[in-house]
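Have a look at the sequence and the fold, and then we can walk through them together.

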Amino acid sequence: SSKSQPRVLRQCYRCWQLTQPGQLRTFKVTVVGAAGGVGQPLCMLLRLNKLITELVMHDLKECKGVATDISHICTQQDVKSYAGAANLGKAIKCADIVILPAGLPRKPGMQRDQLFDANATVVAKVTQAVAANAPSALFAIITNPVNSLVPMAAEILKQEQAYDPNRLFGVTTLDVVRTEKFVSDYLNVQPQKVKIPVIGGHSGITILPVFSQCKPVFTGEPDCIAAMKKRIQNAGNEVVKAKAGKGSATLSMAFAAARLMNAMLLGLKGEKGPPECVFVESKVTECPFFATPIEFGPKGIAQNLGLPELDDTEKEDLKKLIPELKIAIDAGVKYAKSL
Ligand code: LMR
């Protein structure tokens with residue numbers, strides 16, 4: 001049957017061109033949900049990335065205005081825009097990276113998993129479009145709940161014979177960005193000087209900052225470390241509360257996603273970029289998906305650097321987070337199987 005063969009992309013002119021000797025590698029990045037709260041600042045930041053040759057913006061609603069506006073920024077890149085479900089395939093066609101910030105944000109008092117019903121349909125549709133139009137693209141999902149929707153997307157890609165675990169990602173970079181900022185403020189050093197892995201998932205206690213591996217060394221009374229951990233785990237809520245009904249983090253999320261895009265693009269280009277913590281299919285713990293530091297290469301994940309060394313408190317925290325993360329992952333897989 002047609003399902004027994006892996007999908008092979010029909011070659012378009014662009015794909016053919018890339019196979020010609022002497023051609024410079026070019027990169028097409030498609031942002032789905034480009035006119036939204038995260039999409040707009042993300043596109044703006046991506047316009048500054050010299051590795052991107054073509055930036056494609058897609059949104060269900062008309063995004064010509066945003067795309068025209070952004071296209072006037074004087075950096076080298078083609079900017080294209082598409083609107084509506086019917087044009088999703090065209091927008092994604094042969095992209096090197098598809099990044100998905102579409103979906104509903106939280107309101108105060110909501111947990112991320114309460115967005116599941118609203119956002120699962122969006123992510124499912126986009127995942128099917130990726131399978132059909134760019135099965136070899138790197139696919140990065142920002143839409144919450146990341147802990148469930150990435151495993152759901154994996155299942156859908158499997159159903160479509162287009163799954164490669166090295167190319168599917170849940171964006172958890174904002175947890176790292178926040179940790180670097182909060183720790184740098186505490187240590188009174190520049191944020192760029194702080195390196196710290198944040199592992200697990202992207203919600204509450206599933207977010208585990210590994211303070212014991214922080215550089216420069218992060219020390220303090222246990223109470224102080226616990227307070228810092230709590231702030232990082234609740235930082236999304238801090239923004240949701242401050243925005244008071246007008247959504248969740250958009251600007252810092254766009255910054256985080258743009259940073260992850262750069263690391264992925266360097267990898268695609270064959271350059272060794274910095275490792276970033278990303279939520280991926282994983283054998284590092286009992287959880288089938290888990291964020292750990294990842295090195296990127298020409299085919300997505302080049303190496304999963306695995307679980308950092310943990311101190312006793314972190315080991316306890318890991319034990320506690322695993323059942324919670326597993327429940328979220330199972331919910332996503334179950335939903336995909338019911339489709
Ligand atoms: C965040 O961490 O800020 C995002 O996941 C958005 C949210 O709902 O908190």
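## The annotated N-terminal span

Let's begin with residues 28-170, whose end C-alpha atoms lie 20 Å apart. This span is 37% helix and 20% strand. An unreviewed UniProt entry annotates residues 28-170 as "domain: Lactate/malate dehydrogenase N-terminal". Please keep in mind that this is a predicted model.

## The protein as a whole

Stepping back, the protein has 11 helices and 11 strands. Its radius of gyration is 19 Å, close to the 20 Å that the globule rule gives for 339 residues, so the protein is as compact as a globular protein of that length. Taken along the principal axes, the C-alpha atoms fill a box of roughly 60 × 50 × 45 Å.

Of the 339 residues, 46% count as buried. Among contacts between residues at least 6 apart in sequence, 71% join residues at least 24 apart.

Helix α3 spans residues 64-71, and its buried residues are Val66, Ala67 and Ile70. Seen down the helix axis, these buried residues fall within an arc of 95 degrees, so they line one face of α3. A handy reminder here: an α-helix has 3.6 residues a turn, so residues three or four places apart point the same way.

What do the buried residues of α3 pack against? Their partners are α2 (39-46), β2 (54-59) and β3 (78-83). The face turned away from the buried side carries the exposed residues Gly65 and Thr68.

## His202

The unreviewed UniProt entry also places the feature "active site" at His202. You will find His202 in the loop between β7 (198-200) and β8 (207-209). Is His202 buried or exposed? It counts as buried, because it has 25 C-beta neighbours inside 10 Å, and the cut-off for a buried residue is 20 or more.

Leaving aside residues up to four places away in sequence, His202 touches Val146, Asn147, Gly170, Thr172, Asp175, Ile207 and Phe279.

## Around the ligand

His202 turns up again in the shell around the ligand.

Sorted by class, the shell has 5 nonpolar, 4 polar and 2 charged residues.

Notes. Residues numbered from 1 in each chain as written. Predicted model: local features only at pLDDT ≥ 70, side-chain atom pairs only at ≥ 80, totals over all residues. UniProt positions renumbered as here; feature names shortened; annotations may be inferred. Helix = DSSP H or I, 4+ residues; strand = E, 2+ residues; numbered from the N terminus. Buried ≥ 20, exposed ≤ 12 C-beta atoms within 10 Å, placed from the backbone. Contact = placed C-beta atoms within 7 Å. Arc of directions from axis to C-beta. Near = placed C-beta within 6 Å. Nonpolar A, V, L, I, M, F, W, Y, C, P; charged D, E, K, R; others polar. Rg over C-alpha atoms; globule rule 2.2 N^0.38 Å.
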